[in-house]
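Here's a quick briefing to read with the model open beside you. We'll start with the overall picture, then go through the sheet and the helix contacts.

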Amino acid sequence: MSSQRKQQPVAGDGGHFYQQKERTIDIVNRRLAQRYRKEKRFKLYGLFSIILSIVFLGVLLTSIVSNGYSAFFQTYIKLDVVLDTTMLDRENLRKSNFQGIIKQSITKLYPEVRDRKSKRELYALFSSGAAFQLREAVLKDPELVGKTISLWVPADDDVDMLVKGHSKRELPESERRLDDRQLEWIDKLVDQERIEKKFNVTFFTAGDSREPELAGIWGAVKGSFFTLLVTLALSFPIGIAAAVYLEEFAPKNLATDFIEVNINNLAAVPSIVFGLLGLAVFLNFFGMPRSTSLVGGLVLMLMTLPTIIIASRAALKAVPPSIREAALGVGSSKMQMVSNHVLPLALPGMLTGTIIGMAQALGETAPLLMIGMVAFIVDIPGGFTDPAAVMPVQIYLWADSPERAFLERTSAAIMVLLAFLIVMNAVAVIMRKRFEKRW
């Protein structure tokens with residue numbers, strides 16, 4: 001019978017015995033079982049890779065947050081400031097000796113400190129920005145002259161690190177930045193309830209500074225805003241126009257093939273190459289000012305264009321040919337067909353690609369370093385041609401600083417930058433989900 005296994009004779013010692021031949025269905029089942037085991041192992045490998053990636057990402061985020069969250073708080077010291085009329089000129093408050101008033105207020109807290117060296121060590125507990133803070137308060141309200149006010153001034157970064165627990169007072173005096181006598185002065189302030197940690201408004205409202213307790217990210221945030229505004233204003237219309245022409249109007253010949261290949265190649269070029277191009281063209285040839293948002297935006301525009309063109313062409317290709325045929329069938333010209341029918345349907349995908357390209361530009365550092373945006377900028381930029389820093393470069397500068405307090409501000413700035421990137425990518429995802437159409 002056909003259902004029976006075939007038997008083949010096999011020679012033995014005392015005669016013959018028969019070995020059954022394996023059926024085809026058994027071979028198929030065995031190979032299916034092997035295939036299922038391989039697929040299961042492949043799924044496990046993929047799941048393991050995802051878990052490993054999540055673990056590494058969690059370790060990275062935990063490290064950043066643990067080092068940076070404390071930068072959102074700053075240690076302040078309360079001073080009783082006497083605005084003596086003999087030291088303040090009502091007619092010329094801006095040039096008054098506010099630094100001397102601050103030192104006088106500090107000395108009153110420690111009348112036992114008399115020699116010059118000890119006074120220097122005592123003044124070092126307070127930030128050099130205390131005098132500027134007092135000056136701004138008096139200029140804002142000149143009626144304070146002649147009165148005694150309580151003023152919370154920022155502590156020096158070494159005191160701030162000690163209060164936050166980043167500096168260990170158990171270490172030998174030779175290994176600490178604060179000596180034993182300074183620790184005693186700090187303990188006295190604690191006992192008098194003159195030391196307090198408050199929300200660090202300066203971090204979000206000030207520009208860069210050599211002093212960590214006075215450094216902020218607002219200058220870099222405005223610089224990034226102006227830079228991305230220039231990038232968006234130039235790259236979006238140029239990229240959309242190039243994609244529409246290549247996809248809808250350009251003839252299919254060797255020239256357009258050459259252009260398409262080079263656009264794809266430009267998308268993979270290292271970003272520092274665009275910085276070298278900007279240095280050679282915009283700065284050396286055209287003589288544009290260094291370290292400005294205008295030049296930074298032009299350089300990032302060159303880097304972002306290939307990404308926008310490729311994403312826009314993909315969005316145009318996703319529009320069904322029937323839309324084009326129907327528009328042409330009712331009498332529309334090719335230009336009307338593209339502008340009135342194809343482009344509106346492809347625009348959500350184009351916007352998504354543009355936002356992703358802008359998010360990539362926001363995190364770029366190398367091309368901006370090449371055009372001089374690594375300069376130390378204190379002032380807040382007021383326009384496109386003012387000297388400015390950007391968030392990635394600000395992070396780079398702080399990471400290179402030796403002070404421990406700049407380490408936490410580096411991590412805090414990374415957290416702010418990641419928040420911007422998450423928001424931009426979330427907007428791209430929402431736009432794609434909301435406007436996406438399937439045919």
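**The big picture**

The protein chain has 16 helices and five strands, where helices (H or I, at least four residues) and strands (E, at least two) are DSSP runs numbered from the N terminus. Its radius of gyration, taken over C-alpha atoms, is 34 Å, well over the 22 Å that the globule rule (2.2 Å times the number of residues to the power 0.38) gives for 439 residues, so the chain is more spread out than a compact globule. Along its principal axes, the C-alpha trace spans about 120 × 85 × 40 Å.

Keep in mind that this is a predicted model: local features need pLDDT of at least 70 and side-chain atom pairs count only at pLDDT 80 or more, while totals for chains, interfaces and linings use all residues. Residues are numbered from 1 along each chain as its sequence is written, and side-chain values use heavy atoms, with hydrogens and water left out.

**The sheet**

- Three strands make an open sheet in the order β4-β3-β5, with antiparallel pairing; two strands pair if DSSP finds at least two bridges between them.
- At the edges sit β4 (148–154) and β5 (195–199), each pairing on one side only.
- From one strand to the next, the twist averages 40 degrees.
- Strand β3 (residues 73–82) pairs with β4 in the antiparallel sense over seven bridges, and lysine 78 stands opposite tryptophan 152 in β4.
- β3 and β5 also run antiparallel, joined by five bridges; phenylalanine 73 has phenylalanine 199 in β5 as its bridge partner.

**α2 against α4**

- Helix α2 (residues 98–109) and helix α4 (residues 130–140) pack at an angle of about 110 degrees, with their axes 8 Å apart. Axes are lines fitted to C-alpha atoms, for helices over the stretch in contact, and angles run from 0 to 180 degrees between N-to-C directions.
- That makes α2 roughly perpendicular to α4 (under 35 degrees counts as roughly parallel, over 145 as roughly antiparallel, 65 to 115 as roughly perpendicular and the rest as oblique).
- α2 passes α4 in a right-handed crossing: right-handed if the near helix is turned clockwise from the far one by less than a right angle, left-handed if anticlockwise.
- On the α2 side, the contact (heavy atoms within 4.5 Å) uses Phe98, Gln99, Ile101 and Ile102, and α4 brings Ala130, Ala131, Leu134, Arg135 and Val138.
- These contact residues divide into seven nonpolar, one polar and one charged. Ala, Val, Leu, Ile, Met, Phe, Trp, Tyr, Cys and Pro count as nonpolar, Asp, Glu, Lys and Arg as charged, and the others, Gly among them, as polar.

**α13 and its two partners**

- Helix α8 (residues 218–249) packs on helix α13 (residues 334–362) at about 140 degrees, with the axes 9 Å apart, which makes α8 oblique to α13.
- The crossing of α8 past α13 is right-handed.
- Residues in this contact include Leu228, Phe236 and Ile240 of α8 and Val338, Leu347 and Met358 of α13. By class, the contact of α8 with α13 has 16 nonpolar, four polar and two charged residues.
- The axes of helix α12 (residues 321–329) and α13 come within 9 Å and cross at roughly 140 degrees, again in a right-handed crossing.
- Here Ile323, Arg324, Ala327 and Leu328 in α12 meet Lys334, Met337, His341, Val342 and Leu345 in α13. The contact of α12 with α13 has six nonpolar, one polar and two charged residues.
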